[in-house]
Amino acid sequence: MSFKRGAAVQVWVGAAALVMSGAVLAAPLPKGVSLGPSVEGITEYRLANGLKVLLFPDASRPTITVNMTYLVGSRHENYGETGMAHLLEHLLFKGAKNNRDITKQFADRGMQFNGTTSLDRTNYYEVFQASKANLDWALQMEADRMVNSFVAEKDLASEMTVVRNEYESGENSPGGVLFKRMQSVAYDWHSYGRSTIGNRSDIENVKIANLRAFYKTYYQPDNAVLLVAGKFDADSTLANINRLFGAIPKPKRTLPQFWTVEPTQDGERSFAVRRQGDVQIVAVGYKIPSDLHPDSDSLGFANEIMGDVPNGRLHKLLVETGKASQVFSFGATGYAPGLQFFGAVVKKGEPVEPVREALTRAVEEFAQHPPSAEEMERVRRNYLNTIERSLNDPQAVGVALSEVIALGDWRLYFLSRERIRKVEAAQVAASAGRYFMRSNRVSGTFVPEDAPQRAAVPEAPPVQAVLKDFKPEASNLVSEDFDPSQRNIMKRTTLTTAGGVKLALLPKKNRGETVTVDLRQHFGDEKNLFGKGMVRGFTSAMLMRGTTRYSRAELADAFDKLKMTGSPNHFQTTREHLPEALKLAAHVLKEPGFPEAEFDQLRQQWLVGVEAGRNEPQSVAAREMFKHFEQYKRGDIRYRNTLEEDIEEIKSTRLADVKAFHREFYGTHPAEMAIVGDFDPKEITPLVNALFGTWRAPAHVAPVLNRHAEVAPVTRILDTPDKENGFYLARLNLDLQVDDPDYPALLLANYIFGEGGLKSRLMDRIRQKDGLSYGGGSELEAGDLDRAGGFSISAIAAPQNLARLDAAVREELARAVKEGFTAAELAGAKSGLMQQRLQNRSNDGVLAAGWTGLVYRGRTFEWSEQLEQKLMAVTVPQLNAAFRKAIDPARLSVFIAGDQAKAKGK
């Protein structure tokens with residue numbers, strides 16, 4: 001089973017204050033419940049009806065995740081039913097027998113929630129503030145919608161158009177379309193050849209009877225795995241799960257068997273997608289074994305060795321030589337044999353065939369050039385570091401574990417760690433040689449041959465065979481039960497100075513001894529930054545591309561060795577490595593090398609990126625909005641460039657300009673730094689002073705403030721030809737500052753109108769009721785040091801639905817102003833916002849950034865507490881009065897970008 005980099009399982013381990021991991025129940029098992037295996041704090045149980053339960057107690061953060069994984073994905077769909085697994089996922093948010101308005105119930109509790117569908121599984125998760133009431137509700141809701149969801153005809157009518165809009169949104173992406181086509185070209189028979197989003201006609205025409213039959217077949221306890229992770233009592237939770245889910249009868253049906261085996265490919269295949277666009281992408285794909293096969297681990301190493309940036313072979317071959325602006329590699333793999341992709345992005349107008357030839361040759365000759373010891377060590381270290389970090393971070397555990405659950409057993413994640421430690425270079429080369437060959441390549445024409453080559457992909461072995469020698473490792477990671485209230489944060493934080501740096505130090509015991517650093521620097525003032533907007537961006541982007549001591553690749557390795565993730569201004573590391581990590585961050589900030597080759601690469605990448613947005617609806621609408629609201633002249637640091645101005649300035653910026661900007665403007669006097677996590681303040685404070693305390697930039701530093709301005713309303717219709725999806729954007733400026741009396745009420749009103757997720761007024765209308773849009777929302781901006789605020793609304797929709805979307809948005813905004821919001825909506829918004837804010841403070845990265853922002857403005861978390869007190873004191877009359885005073889629908893400027901031919905039905 002291969003470890004998928006970037007999709008690491010994030011794991012909890014139970015803790016009371018500072019305790020060792022483990023989820024052993026203190027009470028006897030409930031009747032009908034059997035005990036399964038336990039690994040590093042995760043314990044499995046089995047209910048009598050077949051439901052698997054994973055309990056993962058961890059008291060280090062005051063949150064709980066409930067994740068339900070169903071072992072059904074798009075590969076289980078039949079002819080004419082493509083996209084049905086994903087469509088059913090949407091319908092399960094439409095209500096069930098005892099939970100008729102699930103999205104509102106989520107919003108009232110401030111829960112983060114979602115559902116995802118892949119080739120092999122579907123999962124639903126909610127992350128929320130730890131409490132018995134919240135957990136009890138989440139468990140009963142999941143039990144209810146497992147077998148009692150409505151799956152109603154009326155909901156299908158609106159949700160189908162929402163899913164279709166999601167499909168249309170994907171059709172705007174050149175890479176997304178390319179990979180969807182590659183799936184279908186690569187497979188003759190297996191359902192992995194169908195994209196999970198499905199075929200448009202199937203989405204539009206699927207029958208409710210088919211959806212209900214699919215639901216009744218697969219949404220049953222013997223086809224599901226429930227995971228509960230976070231701060232909860234294992235004994236009472238298991239008893240509650242047995243009471244709620246154990247009442248569901250064990251199904252009598254037999255799950256369908258799938259016997260289709262993809263035949264061995266007998267020649268290279270090729271295809272082209274011809275659509276309007278602004279970038280060129282070339283990619284090759286090869287069929288590879290299931291994630292359960294031993295070769296999957298060595299193929300994962302090959303993927304990283306080829307595609308890593310900046311250390312990968314393809315980056316050095318194609319990007320550093322100027323042939324391509326970007327390279328990539330990834331695997332689309334799972335329970336059955338999957339695909340391995342390699343590719344490159346080429347600037348429009350540049351030759352593609354030399355890139356394709358070089359790319360193909362590098363991949364298919366990989367076996368002749370085995371990995372070096374350095375390459376193997378780098379990949380192994382990166383994988384193991386990623387796994388280690390995941391074991392310390394209780395956030396995306398449900399979605400990540402869902403991937404290995406779909407393979408047959410969650411313990412495969414831990415087995416992969418053992419295998420990673422043992423993979424050798426010869427194995428990597430041999431595996432590449434077995435599959436990365438011409439006859440197995442997606443890109444070809446039939447060519448008769450006397451002795452054709454075949455890449456026979458072996459069957460997946462049984463999970464039991466894969467796990468037969470697996471022995472779990474003991475875990476000794478500890479953490480504390482940290483209270484993220486503002487008062488406790490103030491009590492635990494030391495505010496001090498180190499030279500010109502204002503410091504906020506919050507030591508606490510973290511799982512894995514992790515620690516987060518946030519450094520806020522300030523550059524120049526309104527006058528001395530004039531004409532330097534682009535060069536400032538280049539300077540920042542060049543910092544991690546090499547220093548006076550390290551090349552870009554060496555610097556990436558140095559970060560990995562110190563377990564640093566992030567940038568020199570915001571990173572996570574461990575207690576052991578914090579001193580050296582601070583020294584490395586200071587070195588990167590103070591002594592960048594500005595290598596000319598990297599500067600040329602960056603310029604090329606930015607040019608390609610800007611050109612890629614030339615006809616993208618979201619980019620087109622945003623640039624037009626910036627242009628209309630612009631009040632500064634070109635060169636002002638607050639001015640927003642047009643696309644052509646961006647291109648002009650990217651081309652004209654010189655490396656000498658970047659070096660000069662760094663000499664003149666970079667420093668940490670003044671600056672703010674926050675350190676949150678596992679560290680000793682007495683050890684770190686003198687080091688911060690030595691590294692940053694006296695580093696002063698020659699240029700004068702002062703805040704650059706924005707000014708509020710009234711702007712006349714307009715409506716602009718913008719044409720983006722050959723785009724399946726469109727974009728809607730609206731804005732009005734507000735004279736608003738965060739300390740204004742009306743600000744708390746406006747925060748709540750905005751949450752109710754458009755920021756509160758699927759149950760907001762806006763999404764209730766454009767998604768739940770009208771089925772016009774997959775995604776949308778509203779945003780409230782308020783100045784910290786100035787009064788330049790704003791209120792904006794955005795959404796996606798098919799071009800033919802944009803006019804209806806505009807009308808719906810205007811109607812809902814007018815209704816909110818005229819009729820106001822209700823007491824129930826206000827109560828739900830207060831609950832949701834308060835729980836979200838508490839969860840944010842539970843995240844060390846958010847907490848550290850919060851401290852630097854507050855300290856910069858001369859505030860502390862006492863200000864945050866006072867704001868929340870004001871939020872909770874808002875009344876319905878105050879809420880509606882503030883919204884009516886600030887929001888005038890007649891002042892709204894609207895920008896609609898889409899294919900006008902499609903909009904007119906041509």
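**View 1. Arg552, a buried residue of helix H19 in the predicted model.**
With a relative accessible area of 13%, Arg552 counts as buried because the cut-off for that class is under 20%. Arg552 belongs to helix H19, which spans residues 552-561. The side chain of Arg552 makes a polar contact of 3.1 Å with the side chain of Glu598. Residues up to four places away in sequence aside, Arg552 also touches Val309, Pro310, His315, Met544, Arg545, Gly546 and Gln601.

**View 2. The largest nonpolar core, with 60 residues.**
The members that touch the most other members are Tyr728, Ile793, Leu805, Trp851 and Phe883. Helix H26 (residues 743-755) gives the most to this core, namely 9 residues. A second, separate core has 56 residues, among them Val284, Ala302, Val355 and Val423.

**View 3. Surroundings of Ile793.**
Beyond its neighbours within four places in sequence, Ile793 is in contact with Tyr728, Leu729, Ala730, Phe753, Leu762, Gly777, Ser778, Val809 and Leu813.

**View 4. An open sheet of 6 strands with mixed pairing.**
The strand order is E11-E12-E16-E13-E15-E14. Strand E11 (494-498) and strand E14 (565-566) are the edge strands, and each pairs on one side only. E14 pairs with strand E15 (residues 570-574) in the antiparallel sense over 2 bridges. Gly566 stands opposite Phe571 in E15.

Methods. Residues are numbered from 1 along each chain as its sequence is written. This is a predicted model: local features need pLDDT of at least 70, side-chain atom pairs count only at pLDDT 80 or more; totals for chains, interfaces and linings use all residues. Side-chain values use heavy atoms; hydrogens and water are left out. Helices (H or I, at least four residues) and strands (E, at least two) are DSSP runs, numbered from the N terminus. Buried means under 20% relative accessible area, exposed over 50%, partly exposed in between (1.4 Å probe, protein chains only). A polar contact is a pair of N or O atoms within 3.5 Å; within protein, one must be able to donate a hydrogen and the other to accept it, and residues adjacent in sequence count only if both atoms are side-chain atoms. Contact means heavy atoms within 4.5 Å. A nonpolar core is a set of buried Ala, Val, Leu, Ile, Met, Phe, Trp, Tyr and Cys residues joined through side-chain atoms within 4.5 Å. Two strands pair if DSSP finds at least two bridges between them.
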